[in-house]
Amino acid sequence: MNSRRIFARPARFAAIAPYVWMVLFFLVPFAFVLKISLSQTAIAQPPYEPVFDLTAGWDALTSAFAALSIDNFKLLISDDIYVFAYVRSLTVAIIATAALLLIGYPIAYGMARLPKRWQAVAMVLVIVPFWTSFLIRIYAWINILQHDGLLNQILLALHLVSQPVVWLSTDTAMYIGIVYSYLPFMILPLYATLAKMEPALEEAAADLGAPPWQAFWLVTFPLSLPGVGAGVLLCVIPIVGEFVIPDLLAGSNALMIGQTLWLEFFTNKDWPVASAAAIVLLVMLLVPLLLYERLQKQQLEQGR
Amino acid sequence: MAEELSGTNIAAEAAGADALPAAEQGLLRIEGVAKTFGTFRAVDGVSLDIKAGEFFALLGPSGCGKTTLLRMLAGFEAPDEGRILLGGKDIAQALPHERPVNMMFQNYALFPHLSVRDNIAFGLKRAGMARADIATRVAEMVALVKLEGLEKRKPDQLSGGQRQRVALARALARRPQLLLLDEPLAALDKKLRENTQAELMELQRRLGMTFIVVTHDQEEAMTMASRIGVMKAGKLVQVAKPRELYEAPRSRWIAEFVGDINLFDGESKLRDGHRLVIGTRDAGALVVAEPREPVGAGKLAVAIRPEKVKLSRRGPASEAGHQSAINLLDGVIADICYLGGTTTYKVKLDSGGVLQASVANSARLDVDAYSLNQHVVAWFGPDDCMVLTS
């Protein structure tokens, strides 16, 4: 009885803690952004109107509510700049994630097949880049990819090219940067699923007449799909909203939505449009997340 | 019927080339096979012949190399030395998917994402079998292991016993010439294990297939196998029928590994016609029948199984006593272990040693039972003793 009383309260608190967190740090800011997205830009402080003033009385509040409109969202749909930015963001995210999967899967698979003590070493090697600031690593890439950078020097020295190749401010540079930065997020969930898979399963497939590639394709790969799903989501979602890498490594002719958002907010001082763009981005990203959640729930139910 | 015998047929065809009759050559011949991991010699020069239709058990403690040997037969390890001839063809370096051998894995290794049906059909699809034939064969296998109605279940929706059956059906579906079973019953509880043992034996007899089972459980090996190979430290130390293994083990180690045994180190040896009188420190002079093979000069021991030892309060009646009760040892009951069907008594001998005697509880009431510290006479005949030299 006594012990129950001791444990019941913290346990209950622990159960509501995530909700408190979500309300304070997600829902409340989201409400602010949503409100601003329905406002109009103004040369004022803050730079939008209407402003809800709780001290101005009921009538002022209702008229402020009436002044809200979805004009900003209409603008987003009607103006090619935004549509292009969304399409480009999605395209970049999909291509980069596909490349990440193609590169990350063999690495994760190789790691999972290493002897146990080497697996720990490989794990550290994957994580170790995180110990350096992300920005510094991207600047290092600028160094490597620039006109007289390391990459061009190597290519020239090997006589693979006759004059320096333009890498910087191209999509290639951006993809290199993205794949490099996100690779651990792809490898780690894949490694986690592959490492806990029973090695006897591949042996059983071989024993039943499957050559190695069939054993992989019919047994290992389907069983690693939860890891593939997790890795893809961990990469796609942040890449869609990526700002720093395209800004530093890609050219300025095609912007991703993160860059467009930044321009609207800081250069144009158009907070309402920037907010609307952010809301649309959020909705776009929520759809795959919800789909993934449903998929996982289905798998859990099947497992029962 | 023809299919059931296909294993032997193929063996016979292949043997024809070697000009050796199939019956003589057997289905599987292992010749001087060795495997080293780093500096550890897991399998150290094993040679063995297995005939078609045999139920062979590889028995040994963990780490003795029995699993490595089995994995070499399946193709998961390649031997460093030696040959593995299946039906006269050397398969030592063949890859697992190229061998007409299937294996039932210790933890079954069922594919968790596939249904029972698809698990069983997996090997048939890889063999390029026609769809209709696969359906027929799967239905046949499902019926064989009595899993009707569970075809659509996933492995994690099955009980341990059902999973074991799926694994068996999957391994049998391709009608392999040789079925390897790695600790097939280790994951089952005792009652289920006993039933499954009987079913495995019945299945093996009905299909006429060759089974090689790896186990560390000597009772399991004795129950199921027609022949047992005992392995120790990478070497095959004895290959024999269960009875021979139990009643005539080749060494002290085997005698102790297979069943319980009383061992008395011998100190002196005297001939007395067809008998030997061996002086032991712990049990005095023991009269034993002379072994078929002459006893060498080295260290020897007298061994006697606990159930061969008789106990009585006063010693045997005189008319029975001449032959079978030549070894009479006085002592007191030092420990009693009641096991239901039998009771094991530890008798502290007056000569110093301890003798274990296992007595069948043939009466329901405890009129025959002995109590602690009770004086008893333990006796056994010369034919019940073994002389072990190594």
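Q: In β17(B), what's the bridge partner of B:Ile333?
A: That's B:Val347. Keep in mind that this is a predicted model.

Q: How many bridges do β16(B) and β17(B) share, and in which sense do they pair?
A: Seven bridges, in the antiparallel sense. Strand β17 covers residues 342-349 of chain B.

Q: What about the hairpin of those two, how many residues sit between the strands?
A: Three residues lie between β16(B) and β17(B). B:Gly340 in that hairpin takes a positive phi near 95 degrees.

Q: And which way does β16 of chain B run against β19?
A: Antiparallel, with six bridges joining β16 (residues 327-338) to β19 (residues 375-380) of chain B. One pair to look at is B:Asp330, whose bridge partner in β19(B) is B:Val377.

Q: OK, the open sheet in chain B. What's the strand order?
A: The order is β13-β12-β11-β14-β20, five strands with antiparallel pairing. The edge strands are β13 (284-289) and β20 (385-388) of chain B, each pairing on one side only.

Q: By how many degrees are neighbouring strands turned there?
A: On average 45 degrees against each other, direction ignored.

Q: Zooming in, how many bridges join β11 to β14 in chain B?
A: Four, between residues 262-272 of β11 and residues 301-304 of β14, and the two strands run antiparallel. Among the pairs, B:Asp265 has B:Ala301 of β14(B) as its bridge partner.

Q: Switching to chain A helices. At what angle do α4 and α8 cross?
A: Roughly 45 degrees, and the axes come within 7 Å. Here α4 is residues 80-113 and α8 is residues 171-195 of chain A. That angle is why α4(A) counts as oblique to α8(A).

Q: Is that crossing left-handed or right-handed?
A: The crossing of α4(A) and α8(A) is right-handed. By class, their contact has 23 nonpolar residues, one polar and no charged ones.

Q: Now α9 and α10 of chain A, how do their axes sit?
A: The axes of α9 (residues 199-207) and α10 (residues 212-223) of chain A come within 9 Å and cross at roughly 135 degrees. So α9(A) is oblique to α10(A). Their crossing is right-handed.

Q: Which residues meet there?
A: From α9(A) you have A:Leu201, A:Glu202, A:Ala205 and A:Ala206. On the α10(A) side they meet A:Ala215, A:Leu218, A:Val219 and A:Thr220. By class, that contact has six nonpolar, one polar and one charged residues.

Q: How far apart are A:Leu289 and A:Leu234?
A: They are 10.0 Å apart, C-alpha to C-alpha, and 55 residues apart in sequence.

Q: Last one, the contact of the two chains. How many residues come from each?
A: Chain B puts in 18 residues and chain A 16 residues. On the side of chain B that touches chain A, β6 (101-104) and α4 (116-126) of chain B each supply at least two residues. The most comes from α4(B), with three residues.

Q: And how does that side of chain B divide into nonpolar, polar and charged?
A: Ten nonpolar, five polar and three charged residues on the side of chain B that touches chain A.

Terms used:
Residues numbered from 1 in each chain as written. Chains lettered and ligands numbered in written order. Predicted model: local features only at pLDDT ≥ 70, side-chain atom pairs only at ≥ 80, totals over all residues. Contact = placed C-beta atoms within 7 Å. Nonpolar A, V, L, I, M, F, W, Y, C, P; charged D, E, K, R; others polar. Pairing = 2+ DSSP bridges. Axes fitted to C-alpha atoms, helices over the stretch in contact; angles between N-to-C directions. Parallel < 35°, antiparallel > 145°, perpendicular 65-115°, else oblique. Left-handed = near helix turned anticlockwise from the far one by under 90°.
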